[in-house]
Every structure is written in C-alpha cells, then in structure tokens.
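Q: I would like to learn how to read the surroundings of a ligand. Please go through the terms as they come up.

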Amino acid sequence: MGPRLLCVRETNAKDELRNRLRNRRREMGTAQRASEMAMLSGHLLDWLEEHAPRRSLTCFLSYGAEPPTGELLARLHTIGYTIYVPICEPARRLLWARWHPGIEMARSSVGPIDEPVGERFGPEVMGEVDVVLVPAQAVDANGDRLGQGGGYYDRFIASMARLPQVPTLVSLLFEHEFLDAGEIPVEPFDQRVEAVVLPSGVRNLTPGPRADKLELG
Ligand SMILES: Nc1nc2c(c(=O)[nH]1)N(C=O)[C@@H](CNc1ccc(C(=O)N[C@@H](CCC(=O)O)C(=O)O)cc1)CN2
Ligand SMILES: Nc1ncnc2c1ncn2[C@@H]1O[C@H](COP(=O)(O)OP(=O)(O)OP(=O)(O)O)[C@@H](O)[C@H]1O
C-alpha cells in the first residue's frame, strides 16, 4: 500500500476511535469525570514538585466532557505556578496567553470558545515553561496520542524542535483512555507525549518503534 492510501486508512481509523472515546466521556457523567479528575490532580501536583522546578506550565481550559481543569488551574495559581493557556489562531496554529483566576475572557477569532485577553506569546516562550499539559482523548503505551483532530498540538510540538530546551509533554486522561502500545493509529506528523497522568498515578512511557515510519520506509 502506498503512503497516501495508508494515511487515508489511518485517518478513518482515528475518526472512528475519536467518536467512540467522545461518547464514552459523555457517558461517564459529570460526577465520575470530577472524581477521576480529583484523583489525577493529586498525582499531577506531586509529580510537578519534581518536574517543574520553575513552577511554570501550560494547561488547557477544558470544555465539554474533557477532564475538568478548573479546580486544578485555581490550585496551581494559588501555589504560585505561572500558567499559560492555548490560543487558537488561523491555520491551526497555537499562541499562548497567561491565565489567572478571574482574567477577562473574549471570544476566539476562530471558533465559539472563549480565551483570556492580554499579551500573546509564540513558541519561544516555551523556553520558560517546564511542562506542557497536552489535551488528549487517548494515549497509548508508546506515547502516541489522539487529540481532537485539529492538529494544533502536533504543529506546535513540531515547532519547538529548534528550541534549546523543550518542556516535558504530559497528557491527563481518564483511566480507560490509556491504551496498549499500537492501539492508536499514527501518521507521520503525529507527535508523542512522554508521560500520562491517570487517576491511578503517573506512567512514564517508553517509546517503541514508529509503525508509520517503518511502513512508509
Ligand atoms: N480544552 C482544549 N483546548 C484546546 C484544545 C483541546 O483539545 N482542548 N486544542 C487541541 O488541539 C486546541 C483546539 N482544538 C480544536 C480542534 C478541533 C476544532 C474543530 O473545529 N473541530 C471541528 C472540525 C473542524 C474541521 O475539521 O474543519 C469539529 O470537531 O467539528 C476546534 C479546536 C486548542 N485548545
Ligand atoms: N506538523 C504539521 N504540519 C502540517 N500539518 C499538520 C502537522 N501536524 C498535523 N497536521 C495536520 O493536522 C491534521 C490533524 O491531525 P491529527 O488528526 O493528528 O490531530 P490531533 O493530534 O488529534 O489534534 P490536536 O493536536 O489539535 O489535538 C492532519 O490532517 C494533518 O494534516
């Protein structure tokens, strides 16, 4: 099979898995999502003590049935973290804005979501950031990640390659969203995360060979 056909197959497989995972998140209900998030947040806060010496990170402002980050963000601010959140730009690029409780929000230029007002920062601000919390619908034991399908974080992570130091990439997942190695279909542009935080604890991931790159030669 040629590279182009291979990508069509992987794209369809991703969409199917995304739909299944989205439904499962909705079926969990608010109470279970909140309870898994509370357990996960405890592990994350402990882990950050060692992995975020400058107390600086990025986090997403959750929407829909994502792991709800509201209380985590407030807690991180209280204990002194500098927090950046993603800003959607045209052409599926991300910029970054500082976040703190009560910051004024305004409608995004590209979609029906609200984003903090204030200065925008490019990828170079990641030189000051210890950890990027990467939104995901699922991650497998290789660190391969399935996102919302915009490719925003894949592009952003690729754009950090030229920085002298890159933050640690970590996803927050509900327990059932951590999958066996190879369960996530991958395409050549997909970027991996290094660890996941689950309600049961932190898992550091050991990347296996890339199936896509092998098949494409
Ligand atoms: N909370 C949170 N913020 C986040 C992300 C995220 O996953 N979670 N993102 C992570 O990347 C970025 C936004 N990602 C997005 C991904 C897809 C679409 C979107 O419009 N999807 C349409 C399909 C559009 C199209 O294909 O033309 C849809 O789902 O209907 C919007 C934003 C940045 N901020
Ligand atoms: N580095 C890149 N350069 C150009 N296009 C890219 C790059 N990375 C991803 N894309 C495009 O983004 C699209 C979506 O990718 P993918 O399905 O992996 O998104 P995702 O990782 O689930 O989304 P997100 O990162 O927004 O959470 C792909 O069709 C791909 O063409």
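A: Start with the helices: helices (H or I, at least four residues) and strands (E, at least two) are DSSP runs, numbered from the N terminus. A residue is near a molecule if one of its heavy atoms lies within 4 Å of it. This is a predicted model, in which local features need pLDDT of at least 70 and side-chain atom pairs count only at pLDDT 80 or more, while totals for chains, interfaces and linings use all residues. Residues are numbered from 1 along each chain, ligands are numbered from 1 in the order in which they are written, and side-chain values use heavy atoms, without hydrogens and water.

Q: Which helix gives the most to the shell around ligand 2?

A: Helix 3 does, with four residues. Helix 3 spans 152–159, and helix 1 (3–51) also supplies at least two residues of the shell.

Q: How many residues surround ligand 2, and which are the closest?

A: The shell has 14 residues, and R18, R145, G147, D154 and D190 are the closest.

Q: What counts as a polar contact?

A: A polar contact with a ligand is a pair of N or O atoms within 3.5 Å. Here a polar side-chain atom of R145 lies 2.5 Å from an oxygen atom of ligand 2. The backbone takes part too: a polar backbone atom of Q148 is 3.2 Å from a ligand 2 oxygen, and a backbone N or O atom of G151 lies 2.9 Å from one.

Q: What does the UniProt record say about residues 7–34?

A: The unreviewed entry annotates them as "coiled-coil region"; such annotations may be inferred rather than shown by experiment. In the model this span is 100% helix and 0% strand, with its end C-alpha atoms 36 Å apart.

Key: A polar contact is a pair of N or O atoms within 3.5 Å; within protein, one must be able to donate a hydrogen and the other to accept it, and residues adjacent in sequence count only if both atoms are side-chain atoms.
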